[in-house]
Amino acid sequence: MWTALFAVDRLLNCSTGRIHWRTPDGAPRRRSMSDHRADQDVNEKYDVFLCYTWADKQWCGELLRALNKLGLNVFHDDEKVEEGDELAPRLREAIDAARTLVVLYTPNFPRSPHCRAEVHRALSAAYRLEKGSTTRIITVISKVRPSDVRPRQLAALKLWRGAAGVEELAERIARRVGKIRAADPRTFGAAPRYPQPGWFPMELPGDGSFHGRSAEMWELHEGLRAKSKDRDMGHPVVSVRGTGGQGKTALCLQYARFFPEDHPGGVFLVRLSGSDRRLPQDEASVRTSFNEQLARIGHSLGLAAQHGVRARPSAWLDVIRGRLRDRKLPYLWIVDDVPSSVDRRLLEELYAPTGDGKTLITTRGRFGRLVSEEMELGGLDGWAGLKLLTGRRPPPEGDRAERRAARSLPGLLGGHPLGLTLAAGLTTLPGFGGYAHLLGELDSTEPDVLELAAHLRNELPAGYALPFTAALLRSFQSLTEPGRELLAAAGVLGPDPIPLDLAAAIMDRVRPSAAAGAADGLRHAHSRGLAEVRGDMFQVHALTGRAVRVLAPGAARSRLRDAAVSALTDAVSGRDPIAHRSVVRLLPHVRAAIGMSPGMGEPDLGPDAWHLLTEEGRAYARLGDSRASLQAFHDLYEACASSPECDEASRLRMLGNLGSAYFHQGEYSAAEKAQAQALEAALALFGRRHHVPLTLMSNLANTHTALDRPLVARALLTTVYLTYRDRRDGGKTAPETLTALNNLVITVAQCGDDEPSRRFYRRVALQYARDAHGLWCRTRGPNAGGALDALNSIGGILLALGRATDAAKAFGEVWKRRSAVLGEDHPDTIDARQNMLVAREAEE
């Protein structure tokens, strides 16, 4: 079918009157002096750029002469254009120099790739010039129903050829052009460029292989402008459906980049992995995945500490909804890879959370009336597929066999964008044997191809699994050793973008010094179409990742997983607080590395994995995400308690961590139960002077304070402080002693049954706090975390004593120092600034 269309397009390859003259044998023919040609200077300005196909040349010529008689300066080109070429620079310049584009839309028009390219360029410029309108595009329709005109924006300002004569039609066009010129004489080239919007949680690695699909992008745009429906929660929802590797996600991301002015509030990306058949797709699993993605968006917006995300799983959605309502800006909400099994109620929960959002969904399922519009995404058309395949190595001029083989390959691969990207990567090999040889290789039934295809058959369009698999397998085999190692490392990580330094660290642990080749390996993988790159991050397509996991032997995967656990532990633990946001890029890969993500094989929950889960929980706590921290420590305790490798000391530490996580989540009763149980066992195992029971005692005291039992908490913390102070390895200035003193200050300040007793305890606490602050400054410096905590307590106590001016000064000093050390967006810095503002309000 594609080959037949290609043959037709060869006859219709004249856009804007650029005549593709051919002799009967197909060779270009020399024009005679009587052939019409307009040799305009592209530096001048044109009233009209005529866009039409060679089949409509006679009609176009008549209209051209009529427009010229009316005094319009019309660009009309008849230069020969090679098959599949992009717009020549001269044509791009001519469009930019024109005020309007007149499209002669007949049944021949949609089959011309060059016409589509010219329309896309002019339509994009008109949209930006007119801030959403496209009245500079005038379409003359002949023998086509308006509902069949694509892109649909072309039908916005249309004229009918009908029975009207050419002169009458020219006059109508001239009147419209005159109105446009009088209102705004600018040309398409004056269209402004808009800054790219923010991406949350991050922009995915680039779509360098994105080709064609301009008509589909305009269809998305039109669908998202459709009138809202009640079931769409007051905003449009467009679904893009298709099989794996067809470019659904790439199309949505490219749309977001191409129309930045439509969503100044940002692009929000929620990824659900609904097409992975190994993963559970029940309602609870989808909601869990959705909430995890919302947490990542929340972290990227810096919302965790500001809003105190607590117990409810939907808390992140509420917090994000509140932020979006406050901003009052249009935004784009992309929900990628929605499972086909979701029902109406669950689907509506995934939509943009406020009326300012427009929702784009990608899926393999059908949602029909549940969405405003549904787009079926198939393979690329013949021209776009050929361009993608041959972009880096065009077939030799004059070699008909090679050109015929190149034209056959998109048909063999069904226009599959990922398959064509892989095939294009093979053309860059130094020993590339030509397109005819590649055609034979991909039309293969070798055993290794058949075996891998069996694993991927449910992911690909029917009939194209074998050639796609052959391209994928040969691409992988053609990589350098660092390239294969890099993809193998990616195979044990999650589907999120991967920092290159993380992959390099994994490679180095499997084969010492391999990290030196990571960048080169990524370059090769990218050139073969196996990885997309953006900055220092890269990503592999889900189909590629699944194939890599199939190809990697079990023993090799085990070594890679161990290496990933080690690399992630080093990367996540001990992070400088100022880099607290960068750790967000690593956390999505923790569960995959230890096998706790669905579909990643049997989990490996030994001591190394326990350590990594501990660091994951601490990292989420530093980020202010108490729910994710609690989940990490809960899973850690469950894994440890059921493992014969877990000794009693380790179990108690993990139970204590779980208690602390419950505390930070605000579940104080659960925290008290876990901490008390851990403390009782720790005292029996270690005795009273060991740091484990002392730490547990401090944590339990904080929980009693939260439960409004300050006297109980004071007794526990006094014991902790005196024990640390009197220990031989401690002393009055040891960090453990000073931390216990900081905690004691907070508790003492809350003691008292009436106002006189409360003021007494606050004055005692103020003296303790000043002593602690002085000791911290002398031993660790004024910017130490403990010193700033003590100063923060001083501010709080002064405020409670009615000394608002002194309190504001203390809080201001804390804010200034935390800003310098932690950064202005750190949760502790934000808290300090809010405390300072509260104190200043109290002054007034």
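Modeller: Happy to! Let's start with R366, which counts as exposed at 59% relative accessibility; buried here means under 20% relative accessible area, exposed over 50%, and partly exposed in between, with a 1.4 Å probe and protein chains only. Please keep in mind that this is a predicted model, where local features need pLDDT of at least 70 and side-chain atom pairs count only at pLDDT 80 or more, while totals for chains, interfaces and linings use all residues. Residues are numbered from 1 along each chain as its sequence is written, and side-chain values use heavy atoms, with hydrogens and water left out.

R366 forms a salt bridge with E376, and their closest N and O atoms are 3.7 Å apart; the term requires a side-chain nitrogen of Lys or Arg within 4 Å of a carboxyl oxygen of Asp or Glu. This pair links distant parts of the chain, 10 residues apart: R366 sits in the loop between β10 (357–363) and β11 (373–376), and E376 in strand β11. Helices (H or I, at least four residues) and strands (E, at least two) are DSSP runs, numbered from the N terminus. E376 is partly exposed, at 49% relative accessibility.

In total, the structure holds 44 salt bridges. Another of them pairs R121 with D96, with 3.0 Å between the closest N and O atoms. Because R121 belongs to helix α4 and D96 to helix α3, the pair ties together parts that are 25 residues apart in sequence. R121 is partly exposed at 30% relative accessibility, and D96 is partly exposed at 26%.

Helix α3 (residues 89–96) also has buried residues, namely L91, A94 and I95. They cover an arc of only 100 degrees around the axis, so they lie on the same side of α3; the arc is taken from the directions from the helix axis to the C-beta atoms. These buried residues pack against β1 (46–51), β2 (74–75), β3 (98–105) and α4 (113–129), where contact means heavy atoms within 4.5 Å.

R344 is partly exposed, with a relative accessible area of 47%, and E348 is partly exposed at 22%.
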